[in-house]
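Let's take a friendly look at how charged side chains pair up in this protein. Have the sequence and the 3D view ready as you read.

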Amino acid sequence: MRYSKHREEILNIIKNIDSHPTVEDIYISMREKIPNISLGTVYRNISILYEMGLIKKIPLNNRPDRFDKTLTNHYHMICKKCNQVYDIFSDELNMLNKNISNEVGHNIESSDITFYGICHECNLKEGK
């Protein structure tokens with residue numbers, strides 16, 4: 001794969017943001033640096049970065065996919081109030097892969113588990 005300034009900039013945006021951006025979020029950030037970039041160019045380059053294994057894609061039901069810079073095994077929680085996506089790192093969940101592997105005889109290397117609930121910040125806003 002040959003070098004691409006656009007791809008490098010998209011990867012930098014994803015790596016330097018503390019959220020899980022959508023393509024639209026990335027496109028808005030890219031337009032600040034490269035005003036004439038098209039949304040199609042952003043989509044194509046994000047797809048290439050995903051295929052290269054440099055970012056993770058978080059598919060969401062009836063909502064735009066989100067993208068993740070963290071490649072190590074982890075899980076996600078989506079807040080039903082604010083729609084933010086949060087990383088969850090859990091040794092217990094990581095053991096789940098191993099335990100299920102032992103139980104069923106398959107070698108499970110990773111899993112994609114998404115939790116849905118209300119985040120800490122939204123609970124605070126509601127006084128919980």
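Lys 33 counts as exposed, because its relative accessible area is 52% (exposed means over 50%, buried under 20%, partly exposed in between, with a 1.4 Å probe and protein chains only). Glu 9, at 19%, counts as buried. The side chains of Lys 33 and Glu 9 meet in a salt bridge, 3.4 Å from N to O (a side-chain nitrogen of Lys or Arg within 4 Å of a carboxyl oxygen of Asp or Glu). Lys 33 lies in helix H2 (residues 23–33) and Glu 9 in helix H1 (residues 5–15), so the pair ties together parts 24 residues apart in sequence. Helices (H or I, at least four residues) and strands (E, at least two) are DSSP runs, numbered from the N terminus.

## About the model

This is a predicted model: local features need pLDDT of at least 70 and side-chain atom pairs count only at pLDDT 80 or more, while totals for chains, interfaces and linings use all residues. Residues are numbered from 1 along each chain as its sequence is written, and side-chain values use heavy atoms, leaving out hydrogens and water.

## Two further bridges

How many salt bridges are there by this rule? The count comes to 3. One of them joins Lys 81 and Glu 126, whose closest N and O atoms are 2.9 Å apart. Lys 81 sits in the loop between S3 and strand S4 (85–88) and Glu 126 in the segment after helix H5 (120–125), so this pair ties together parts 45 residues apart in sequence.

Asp 18 and Lys 69 also meet in a salt bridge, at 3.7 Å from N to O. Asp 18 is in the loop between H1 and H2, and Lys 69 in the loop between strand S2 (63–68) and strand S3 (75–79), 51 residues apart.
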